[in-house]
Structure formats: structure tokens, C-alpha cells
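Please look at the sequence and the model together before reading on. The paragraphs below start from a single side chain and then turn to its surroundings.

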Amino acid sequence: MELRAATREEFDDFSRAALWAFHREFTDTDRKRYERIDEPERSLAWFDDGRIVATTSAFTRELTVPGAAVACAAVTAVAVVPTHRRRGLLTAMMRRQLDDLRERGDAVAILWASEGTIYGRFGYGIGARAARLVARRPAARLAAAPAASEPLRAGRAGEHVEAMRAVHDAVRLLRPGMLDRPGPWWEDRLHDPESERDGAQPLQAVIVDDGYAVYAVRPEFGEDGPAGEVRVRELVAATPAAHARLWAFLLDQDLTRTITWELAPVDEPLWLTLTDPRSLRTTVTDSLWVRLVDVATALGARRYASSADVVIEVADGVCTWNAGRYRLSGGGCERIEAAADLALDVADLGAAYLGGTTLRSLAAAGRVRELTPGALARASAAFRGEVEPWCPETF
């Protein structure tokens, strides 16, 4: 068997194998979508007698971290076909990918996990969470009507990309976990084939000066009358006023009973604006997993809420070049031989990297050891971000 990058000419075979592992058929719609964003030089595939049996790849994106934005590898298409599982192909492929990322100079890798048990053993930690929101009309209504400073603009989502781009570009630099959208990425974000709508109408957008929402409505009539659903794909607002106007619009759609948002930020403040907070149900799960490929570079790239001045001992059984001690101070991050104040695995450092999961909570779970009294409180406060990290898009 051979492990190597798949060529552009092998795109169909690569895609077919990746989707087969997820019990999906490769369609013409998939081909048109993935060809736009494919980076074959970043792929890896196991070949068995010329046939692709395992896959992974990465996209070149920019990730917002506290106080900065860093280039990252957005890992995708990690799959092993059913006939070749339990043979160690995934382990070898993931280790090889991390070696390749280091060689390319990628300090950070991110991914969405199909199963929660897979990626911790490769040094990925849960760096961000997402909330599923379900609001029920008519109980879900704003306590105060928002001021209508300018008219709403609405229509097919694809007709409003430039207005949405301007808002997204401004907001994403303030929210750790968000990604840039160069080239084809806005088109991919608005991907909306009829075969994947599950009864919903085409994707729409509503725009205000400092915000936008992308949504679709699934019409339905039950025995008790109209029972449609508003499905929010993304809502981005730069100001509280824009946030209120967008939600007032979404919550006031006639002939609907439910408003759902599958990937909302966990600190979404909608419930605080409603006359009845219980009209909104929230379920939280993991979203973005983070892997520090180069610990010193990654820690030096982000900013900190305060000066911790601590020495952290990092264990890394996969990327062994990371194992060692690092001093975090006002001057940045450097390797050092001094005694450690804290000790943790690289996966837990990845979990804390975006400022959401705190070192204090990781310590409470037995995943961080405090070696110097007071060091945990200082480091946890320094790593904490001003807002919860949020990644609104899968890849």
C-alpha cells in the first residue's frame, strides 16, 4: 500500500472514497462544489492496488485567535472506507499529515469531528462549542421593539454577498474561531442545492447596515394551522441594534411556529432579549477542535488578557518536537529549561487556545496539573478571551 497526495486527476476517486466512508454517494452536485475549493497538493490518500481506500486533506484558511489572526490548516475529508478499517491506516495518515503541516509551516490545525473519540489521541482538543437554538412562536418575541434606523434589505442570499462580506470581514476579526472567506468560500457558504433543502425554500438573506442573517423557511401546515420553520444558517451583527433588528425580523415570520439555528455561538444573547426566556431552548455541543502543530509559534501569535509569566510543561506523544517547557510572559513565548509551573497535554493546550475552555476547568477535570501555587489562576485568566469562540461554518 502507498500513502501519498492525490492528484487533481484523481479528484473523483478521492471524493468518492471520502463520501463512501460517510455513507454518501458522490454526485455531480458534490463535484461542482468541491472542485471549487479543492487543494490537491494538501491531500493525503492511502492507495491499495491503485484504489483509494483512505483520505484526508486540508484547506488554507485564516483563523481568528484572541487579539490576532493566524494562518491555519483546516483539516477535512478524514475517512477510511469500510473495507479497510481497523488496520491502522487512519493513525498513520494523521501522523503523516501533522509532519507535513509542520514542514509547510502551519502552526495550527483545526477540524470538525464526526465522532468525539477519534481526534484527542492525535493532540486535538475542543477549542470551541456551538449551541443549537430552538425558539417557539408566538411566545418568542423581543421584550423591546428595536429602533428602525434604516430599512431592511432582503432577498436571495446570493444577491447580497458583498454587503454580507463587509460585515463578516469586520466581525470575524473580533471573534476567535471565525475563518476568513477568500476566493470561493462565500459561494461555498451559500451552497444550497434543492436536494439538500429537506423541504425548505431557497436560501434568503436579510441585511441591515451592521449585520445580516442567512436563513430559509420550510413551509408546513398541520391540523392546528400554520407550522412552518425558519432555519437560520448564520447571523452576524456588529452592534446590539443590528442584532435586535435581525432577530425581530426572524421571529416575526408569518405562518411559522419554530425558529432553529444549528450552529449558534454559545454566548448568543437572544434569550436575554425575550419576554419569555423559556421560549428558547438551547443545546450545547463541541464544534471546532484545535491542534497546536508548533506550540511556541502558536502561543506567541495570540494575545493574552493579562501577563501570566508562567512556565508550562507540554506533553506531546505525536508531534514530539513540541514536548518541553515554554515560558509565557509579556515578551511572548519561548522554550526554556526552568522548572514548570503547570503541566498539561498538547490537546488540552489546544482546547484553551481560543480562550473558551479555561485552564481552570481543565484542571478541575484532572487534565492540568498546578506545580506552583497561584500559577493556575494567573494562566487561566491570561488565556481567557473576551467572547466565546465561535465557528459558524463546517468544512
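R175 is buried, at a relative accessible area of 17%, where buried means under 20%, exposed over 50% and partly exposed in between, with a 1.4 Å probe and protein chains only. The model is a predicted one, in which local features need pLDDT of at least 70 and side-chain atom pairs count only at pLDDT 80 or more, while totals for chains, interfaces and linings use all residues. Residues are numbered from 1 along each chain as its sequence is written, and side-chain values use heavy atoms, with hydrogens and water left out.

R175 sits in the loop between α4 and α5, helices being DSSP runs of H or I with at least four residues and strands runs of E with at least two, numbered from the N terminus. The side chain of R175 forms a polar contact with that of D267 at 2.9 Å; such a contact is a pair of N or O atoms within 3.5 Å, and within protein one must be able to donate a hydrogen and the other to accept it, residues adjacent in sequence counting only if both atoms are side-chain atoms. Apart from its neighbours within four places in sequence, R175 is in contact (heavy atoms within 4.5 Å) with T64, P265, D267, V387, E388 and W390.

In helix α4, residues 161-172, the buried residues are V161, M164, V167, H168, V171 and R172. They lie on the same side of α4 because they cover an arc of only 130° around the axis, taken from the directions from the helix axis to the C-beta atoms. These buried residues pack against β3, α5, β9, β10 and β13, whereas the face turned away from them carries the exposed residues E162 and A166.
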